Amino acid sequence: MQIDPSHPRFKSLKIREKLVWGIKKGLTHPAGLLAHGRGEAFDYLLGEKTHDFAKKAIEAAGAYLISAKNPIISVNGNTSALCPNELVGLAKLLNCKIEVNLFHYSKKRVVIIENYLSRVDSKVILRSNKSSKIIFPDIASWRKIMLKEGIASADVVFVPLEDGDRAEALIRLGKKVITVDLNPLSRTAQTATVTIIDNLIRLLPLLIKKIKKLKMVDADNLKSLTINYNNKTCLNNSLKLISDRLKKSG
Ligand code: PTJ
């Protein structure tokens, strides 16, 4: 659909179109539109801005990712369609791999997403047909399939738009989980080590910029950024912001 750039919701409409395109190409699952709609609703309540609590989370996320021995980026049909260049850019910056891990699993869609991201840079894509798979039985969805050289052996997992079940399982396995979720009440948001409450599209360029800066910081200072970070405070601050905005408009 042709969208007039002067439309007041131009940006938001463009993003929707990208996901619709993602469905046509077989990257995104139709349920991805529902997930996106939920995200949009929370983004609206948050004023479609990157707030201080998100900036704090971005800093902690950067510190965890740089300090990690074996970080990994886990992507799904929404994130791959929305931000392919930024996800690959982040992987290159961190010298880590991207693993496709799907809720609505199909082998075909995994390969379509791997091929799509490989067009940006194939070196950072962990290919499912070249890595052995590990099944984590205590995850009640197809997200239980993980690659041995990827999520299974990672110490820090960056997993935007996650579902709560796997976030909990990854934490139980002793991994640090960094997620992106516009809904501060979701089980993922409440469970993760670091929850960035912001739109993936807005925050990825900020995370990349922050990591470039944090690369100059020594290990002790990176450690104190992670130790001093309080995810609960960030979640509470986001809820307070939503509540204040609602009160003001009432
Ligand atoms: O490609 P698949 O099969 O792995 O499926 C991916 C989806 C996203 C459909 C699947 O993981 C799913 O159903 O996710 P949920 O449980 O609906 O959770 C998605 C969360 O992401 C919701 O809490 C939304 O608020 C949030 N969200 C959606 N779009 C964005 C977002 N958060 C940040 N930025 C967004 N652009």
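**Reading a predicted chain: charges, fold and cores**

Student: How many helices and strands are in the chain?

Tutor: Elements are DSSP runs numbered from the N terminus: helices are H or I with at least four residues, strands E with at least two. Here you get 11 helices and seven strands. The radius of gyration is taken over C-alpha atoms, and the globule rule is 2.2 Å times the number of residues to the power 0.38. For 250 residues the rule gives 18 Å and the chain has 18 Å, so it is as compact as a globular protein of that length.

Student: What share of the residues counts as buried?

Tutor: Buried means under 20% relative accessible area, exposed over 50%, and partly exposed in between (1.4 Å probe, protein chains only). In this chain, 50% of the 250 residues count as buried.

Student: Which residues have the most contacts inside the largest nonpolar core?

Tutor: A nonpolar core is a set of buried Ala, Val, Leu, Ile, Met, Phe, Trp, Tyr and Cys residues joined through side-chain atoms within 4.5 Å. The largest one has 54 residues, and Ile-98, Ile-196 and Leu-207 have the most contacts inside it. Helix α3 gives this core its largest share, eight residues. There's also a second, separate core of 15 residues, including Phe-136 and Val-157.

Student: What is Ile-196 in contact with?

Tutor: Contact means heavy atoms within 4.5 Å. Leaving aside neighbours within four places in sequence, the partners of Ile-196 include Ala-54, Ile-58, Val-180 and Leu-203.

Student: Where is Glu-48 found?

Tutor: Glu-48 sits in the loop between α2 (31–45) and α3 (52–67). Its phi is positive, about 50°, although Glu-48 is not a glycine. Glu-48 is partly exposed, at 32% relative accessible area. Leu-161 also has a positive phi, near 55°, and lies in the loop between β5 (156–158) and α7 (164–172).

Methods: Residues are numbered from 1 along each chain as its sequence is written. This is a predicted model: local features need pLDDT of at least 70, side-chain atom pairs count only at pLDDT 80 or more; totals for chains, interfaces and linings use all residues. Side-chain values use heavy atoms; hydrogens and water are left out.
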